[in-house]
Amino acid sequence: MTISSIRVLHATHTRHGFLEQIFHPILSHNRPDQPTYTLQEALSEIGGAVDKLNRLDIFQQPISTYIDTPDQTDASTTPTDHVVYISAKERGRYTIKTGTEAGTAEGSAYVSAALRNIFGGAESLNAHASLGTRTRSAYSATFGTPILSNPDLRFEIGGLASSTLKHWASHEEVLKGANTRLLWHTSSRSRHEFMYAGLWRQVTGLAEKASPTIRTDAGDSFKSSLTHTWSVDTRDLPMMPSRGYLLKTVSELAGFGPLKGDVGFGKFELESQAAVPIPIPGISGDSGISFTAGLRGGLLYPLAASGQQTPQSRINDRFQLGGPTDVRGFRLSGLGPRDGQDAVGGDVYAAGGASLLLPLPRVGKETPLRLQAFINGGRLLALQDPGASDPSKESSRDVEGSLLATVNKLGDGLPSCAAGVGLVYAHPAARFELNFSLPLVVRKGEEGRKGFSFGVGINFL
């Protein structure tokens, strides 16, 4: 058979040229080397193009496909010609949502709006505004468009402004800035993201008892950075996986060379998770019991910005560890260095955890509700002042030596850890946990939390 024409029905607001880039390569007259198809080959090619339409997120599901023969009275047709009809009804041009959200020690109200297919090429504009108890205000807007009609290659540009109360560190952080992103899916499971961001940050609203460390970092700073994120995710259900694995890396370079800005660092994070189902003898099929284990780690390497001497890292950029969504059994940012009552964060961390998930009795394995038994732990450490040995000399060796010594120190003694049991509910939008935790090892100065805790998030250890 040959495909003589493809007609997309009901796509009244989508540009002809945009659709042509998707379907033009399938037409037989555009394939001089192999103009004919078997039926199986034709269905495969058409199915691949329709899948692209689905992933553009501007058409209703499902998209129907029909193959027919053309009018045989047309002298330009041949007996092998076939016409493909694709019924693709467009989604609404806009969506507006309002609601409330509840999380760990936080509540907020929000409004969000989305405009779709703005210029007929699957462009989108998303705007979001929220007011809350911890994130006092957050506003963002992002415009995105696929490149060359390819849903796997997307460009985005956006801006944001937010004000967040960091009660664990006695200050409020104000952010204003813009970013651009290039999103590239190399497969259905693998994704790359390249981002440039320019952010003006302000540490303000210091509490009366704010520590000297926080007071030193108070004021303005400007971060200009490039970030690359790579992830491979084969998990069946990311919120509560029973099989598959996740591997993710985030690399950020700020204030180096042409990036300018008044902060400079290299930052790297690695995250992994694996889940396996546990079969039960005598029970056929999936038992609903699964075992999940995860590891995370990161390091921050201070760099000299704008020709200055290498400084210490700032509270804005350091890692925080502890809380219901990472190391359970500890207060929010309860692990790592402290100055008085403030959690000042660290430059090197490692954390890990393991969970056993079981169906609730009389509820069944088909529901997204599970019993959980877990153990997790981690360590968060700070680099020494890179210029402390001799401020008049080049400090790059001091930074490198301090970083290596700090990484080696992660293995000194037992990490801070906790164990517990709880309930897990996996909603498509977020994961909810209610746990009873018991700290097993708490290092000096860190804040364990025995008892019940509630966590909401999309990324749990």
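Ser 64 has Ser 87, in β3, as its bridge partner. The model is predicted: local features need pLDDT of at least 70, side-chain atom pairs count only at pLDDT 80 or more, and totals for chains, interfaces and linings use all residues. Residues are numbered from 1 along each chain as its sequence is written, and side-chain values use heavy atoms, leaving out hydrogens and water.

β2 and β3 (residues 81-87) pair in the antiparallel sense over five bridges. Strands here are DSSP runs of E, at least two residues, and helices are runs of H or I, at least four, numbered from the N terminus. Pairing requires at least two DSSP bridges between two strands. The open sheet has three strands in the order β1-β3-β2, with mixed pairing. β1 (2-9) and β2 (64-68) stand at the edges with a single partner strand each, so one side of each has no neighbour in the sheet. From one strand to the next, the twist averages 20°.

Helix α2 (residues 39-55) lies across β1, β2 and β3 and runs at about 150° to β2. Axes are lines fitted to C-alpha atoms, for helices over the stretch in contact, and angles run from 0 to 180 degrees between N-to-C directions. Contact means heavy atoms within 4.5 Å.

## Salt bridges

The whole structure holds 17 salt bridges. Each is a side-chain nitrogen of Lys or Arg within 4 Å of a carboxyl oxygen of Asp or Glu.

Arg 136 and Glu 172 form one, at 3.1 Å from N to O. This pair links distant parts of the chain: Arg 136 is in β7 (residues 135-147) and Glu 172 in β9 (residues 171-185), 36 residues apart. Arg 136 is partly exposed at 38% relative accessible area; Glu 172 is buried at 13%. Buried means under 20%, exposed over 50%, partly exposed in between (1.4 Å probe, protein chains only).

Lys 166 and Glu 173 meet at 3.0 Å, N to O, and both are buried. Shared partners join Asp 51, Arg 55 and Asp 152 into one salt-bridge network.

## A nonpolar surface patch

A nonpolar patch on the surface has about 880 Å² of accessible area together; areas come from the Shrake-Rupley method. Patch residues have over 30% relative accessible area and no salt bridge, with nonpolar side chains joined within 5 Å. Its members include Leu 371, Val 421, Leu 440 and Phe 454.

β18 (369-381), β19 (416-426), β20 (431-441) and β21 (451-457) each supply at least two residues. β20 gives the largest share, four. Leu 440 lies in β20 and is partly exposed, at 48%.

Methods: Patch = residues over 30% accessible without salt bridge, like charges linked within 9 Å, V, L, I, M, F, W, Y side chains within 5 Å. Areas by Shrake-Rupley, 256 points an atom, 1.4 Å probe, with all protein chains shown as cover.
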